[in-house]
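The sequence and structure are shown first.

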4 protein chains.
Amino acid sequence: MEQQKNDSGSRAFIRSVIFGTDTSSGRLFDIGLIVCIIASVFLILLDTIVEVHQEYGEVIRILEWGFTVLFTIEYILRLYSSANPLLYARSFYGIVDLLAILPSFLILLFPGAQFALMIRVFRLFRVFRVLKLLRYLSEGNLLLKAMVHSSRKVFIFFFSVSLIIMVLGSIMYVIEGPENGFSSIPKSIYWTIVTITTVGYGDIIPHTALGQGVASLTMLLGYSIIAIPTGILTAEISNEMGRQRDLRRCSNCSTSGHDAQANYCFECGAELQQEI
Amino acid sequence: MEQQKNDSGSRAFIRSVIFGTDTSSGRLFDIGLIVCIIASVFLILLDTIVEVHQEYGEVIRILEWGFTVLFTIEYILRLYSSANPLLYARSFYGIVDLLAILPSFLILLFPGAQFALMIRVFRLFRVFRVLKLLRYLSEGNLLLKAMVHSSRKVFIFFFSVSLIIMVLGSIMYVIEGPENGFSSIPKSIYWTIVTITTVGYGDIIPHTALGQGVASLTMLLGYSIIAIPTGILTAEISNEMGRQRDLRRCSNCSTSGHDAQANYCFECGAELQQEI
Amino acid sequence: MEQQKNDSGSRAFIRSVIFGTDTSSGRLFDIGLIVCIIASVFLILLDTIVEVHQEYGEVIRILEWGFTVLFTIEYILRLYSSANPLLYARSFYGIVDLLAILPSFLILLFPGAQFALMIRVFRLFRVFRVLKLLRYLSEGNLLLKAMVHSSRKVFIFFFSVSLIIMVLGSIMYVIEGPENGFSSIPKSIYWTIVTITTVGYGDIIPHTALGQGVASLTMLLGYSIIAIPTGILTAEISNEMGRQRDLRRCSNCSTSGHDAQANYCFECGAELQQEI
Amino acid sequence: MEQQKNDSGSRAFIRSVIFGTDTSSGRLFDIGLIVCIIASVFLILLDTIVEVHQEYGEVIRILEWGFTVLFTIEYILRLYSSANPLLYARSFYGIVDLLAILPSFLILLFPGAQFALMIRVFRLFRVFRVLKLLRYLSEGNLLLKAMVHSSRKVFIFFFSVSLIIMVLGSIMYVIEGPENGFSSIPKSIYWTIVTITTVGYGDIIPHTALGQGVASLTMLLGYSIIAIPTGILTAEISNEMGRQRDLRRCSNCSTSGHDAQANYCFECGAELQQEI
């Protein structure tokens, strides 16, 4: 019984350090974790540069293993201290945390798997925990909601654009042909995407007059239709911002219409609380 | 008489399968059709890759003919079962359905016509039939309406831009000349389009200091004027969304102003119907 | 007196044909004029293609002179029939009309001046006269007003961007230097413009790690700041559209708030007149 | 005492000339200063062109020193005549003014420091002093406020995009590898930035089919997500413009809602004052 209680006490303490953001120890842990993630990611980046690898490859390998051991311990502690380990393990962060250590062990079986460690960068989303969490959550939510609301319109847009890209790619294949670098329809479609998104590498370019004409139309099309998803998203973000302003009510005088940035009610001066 | 009735019964059944979207057999048919279209398009793409063509050219040719026969039967059945065959034959889908099979037969006369089969991708617009049709129709209509409403402003914009492109192209031809790759005014205009749309292949580039100056202005112009059609479309989409919200009335309490995403009236809770 | 009257009668007739847009003869003249302008511009374009010039150079030269004579006669008739010749001569169209014929005569003195004839494309703005003029004028005015209203903000934006471009160009010159193609600060600034506008020719590219880092920042900067002029213009166009809707009043019941596209008052059904 | 007064009188006069914008002498000084800054910057630019340096290097060096002496005298006079020298020295303009002369002296110790003189271009922000200052300040403030208000959303956007860029870069490194120019993950990330911002130099391009597929997705991603910051900023600028219109009250009849461009109250016709 005593053991149990003590155990639950240490678990609660670990939980408050690992999952908490209010206490100074919780914040310190989060900051330390972010520093470790950045250092670990940085090492993976550096290790791919030939000169660095030849000089410091061994040191990097040892350090990388150190980080992997650290992250493994952290993952086990998270599972152990979590109120609901299964819920954590299945959450976005739980999966990313697991994927961030797995490749280190897989590398023993499959050499080359170490690059999969780059998935560790997604752990950096924890940065928002150190920053004022709720505010960022609400701003991020607004963006997510606007994207979800506009998803159907954006899907129609991208679906239509995809079909147009396929047809334009085929037309260019027929016009230019393999002798001008358009060696197959899939390659032609790749060129169309490069052109319609205005990237324009210049590795494949039209040589015939007709091909340059169709290419010009493709460019002007790509240049102008970007206005459509931009228009959709702007209208939705604008809507969502108006809606959120309506939702924010002062707990004192229940006036709504406050800015997302406002800290005090413009009517009675009472402090406004952040929405979750 | 009996025969007539029976015939009309089988026609009604075929119609419900081919044109219907409510029954499970109608949905299954649509899904099967989409799978066939995708497979057929995929085959055309693959056949243009030299290695694939040499290895599997014969198999692909046979499969492609199989799809053509399937689509031909489908087209005849559509004509046969349609309430108004002529109306169907003249509709967007009717024309696309015909164009999707014609090139296979034309190829017997003109080799090389098989690439025209890529028009089959447009048949994929039927995807929206499988998805909740009405919703997508209404969202697509909103986009179309916004585009129609802004068409006059966008036309003025593109007309002016075209004239500017032609003049800039001529100026660059005079400045750079054939010795720097600007071999004719049409080619110069092609370069101007590549530059003003910010595609920038790099196949033709200005070499003189003056030419690089004019090119810089062209780039900055292209970089900034994209704001104009975007602004036009955003304002129209925003308008159109507000208008559609006003149009959606609850059939129970006739309150308007519901979101396009809302399923229930926010005033009385009655289910809202989708507009067509 | 009789002569005077007769003269003024023929002048009025010429005026109605040349400047008018309501009568069928006026419309026919405008359409014929546009066809001539397009044909003339097309000839100039074609003449710069070496193969065409060698084959048909003489024919094109004669045709071009024919168009010049035609446009000269038209210009003289415009001056003659105009109610206020000086006002016409000084107007945008008057100046373009003059510039559209001058280079043909200058070529006798300075060979090579014929490319200045490309200024003729600006005469194509007359296209809007053939289309329903007033509508296009009002739509074009809206765009112009929005641009004028946002000009101060856009100026601040482009001024700041110019200074940033100059500083970034200098930094890249110091980092990369002449050995990597950044042969002088002006050339470095040219590269910065190519990069910040996301054109990206690829003729000059950073080779050092530091240079690629600064280049990456330049790209991300250029990619994101385009949002600023777009935001300014969108807000202004949106404003302007709301204002124009408020200005449009029904002459019958004086209700305002009609769409720019509306032809009838939504309140009383009376026909709405187009604003000028 | 007399001396003191006289001194303070000359200081006040110098202050009115150097810092003032209302008097004609103040305006003349500002215009002269801007001309000097432009000339000085222009000289630095020209000096980096090899041909110009060889021919006029000596002349440019002398002129540049002349400008440095002029700007040094001006800086000392600003410090001397300023009401609060420390406040000026610490202000944005004070720091830029100092940085604009320092490199000339540093060059005696470190050759090559002269390019740091390009910081002088930032002195050109004084241009707004010559133009109607208050108006531009208010317009610039609107833009700044909109940017500050949207900064949190834009930060979330760029943070997420950065993580995506790093992961995409790593994936492309694994797919394409050093043999196709993706020599390290940092270089792969550089390529991803070049592609996602639609710059597309074409110096590094994917060669494998899988790599071209991932590249296509990267392009389409970059092409579409630009809509997000644009949408955020547009909504904020729109908001801010509405707010500013509400803030502008007529001092006569206290009607609000005037345009930023309006000079007179639309209700009572009284002149409106510019906000600061």
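Which side chain meets Arg78(B) in a salt bridge? The partner is Glu74(B), with a nitrogen-to-oxygen distance of 2.6 Å. The model is predicted, and side-chain atom pairs count only at pLDDT 80 or more.

**Charged pairs**

Side chains of opposite charge can pair when their charged atoms come close. Both Glu74(B) and Arg78(B) belong to helix H3 of chain B, which covers residues 50-81. Four residues separate Arg78(B) from Glu74(B), about one turn of the helix. Over all chains, a search of the whole structure finds 16 salt bridges.

**Chain D against chain C**

Between chain D and chain C the count of salt bridges is zero. Five residue pairs are in polar contact across this interface, both residues of each pair being at pLDDT 80 or more. On the chain D side, the elements that give two or more residues are helices H2 (24-47), H7 (127-130), H8 (133-176), H9 (185-196), H10 (209-225) and H11 (227-247) of chain D. By class, the side of chain D that touches chain C has 31 nonpolar, 10 polar and six charged residues. The contact takes 47 residues from chain D and 46 residues from chain C. The area buried between the two chains is about 4200 Å², and carbon and sulfur atoms give 74% of that area.

Two packed helices are described by the angle between their axes and the distance between the axes. The table gives these values for two helix pairs.

| Helix pair | Residues | Angle | Axis distance |
|---|---|---|---|
| H9(A) and H10(A) | 185-196 and 209-225 | about 50 degrees | 8 Å |
| H9(B) and H10(B) | 185-196 and 209-225 | roughly 50 degrees | within 8 Å |

In chain B, the helix axes cross at roughly 50 degrees, so H9(B) is oblique to H10(B). H9(B) contributes Trp191(B), Thr192(B), Thr195(B) and Ile196(B) to the contact, and H10(B) contributes Ala215(B), Thr218(B), Met219(B), Leu221(B) and Gly222(B). Five of the residues in the contact of H9(B) with H10(B) are nonpolar, four are polar and none is charged.

In chain A, H9(A) packs on H10(A) at about 50 degrees, and the two helices are therefore oblique to each other. From H9(A) the contact uses Trp191(A), Thr192(A), Thr195(A) and Ile196(A); from H10(A) it uses Ala215(A), Thr218(A), Met219(A), Leu221(A) and Gly222(A). The contact of H9(A) with H10(A) has five nonpolar and four polar residues, with no charged residues.

Methods: Residues are numbered from 1 along each chain as its sequence is written. Chains are lettered from A and ligands numbered from 1 in the order in which they are written. This is a predicted model: local features need pLDDT of at least 70, side-chain atom pairs count only at pLDDT 80 or more; totals for chains, interfaces and linings use all residues. Side-chain values use heavy atoms; hydrogens and water are left out. Axes are lines fitted to C-alpha atoms, for helices over the stretch in contact, and angles run from 0 to 180 degrees between N-to-C directions. Angles under 35 degrees count as roughly parallel, over 145 as roughly antiparallel, 65 to 115 as roughly perpendicular and the rest as oblique. Contact means heavy atoms within 4.5 Å. Ala, Val, Leu, Ile, Met, Phe, Trp, Tyr, Cys and Pro count as nonpolar, Asp, Glu, Lys and Arg as charged, and the others, Gly among them, as polar. Buried area is the accessible area (1.4 Å probe) that two parts lose on being put together, summed over both. A salt bridge is a side-chain nitrogen of Lys or Arg within 4 Å of a carboxyl oxygen of Asp or Glu. A polar contact is a pair of N or O atoms within 3.5 Å; within protein, one must be able to donate a hydrogen and the other to accept it, and residues adjacent in sequence count only if both atoms are side-chain atoms.
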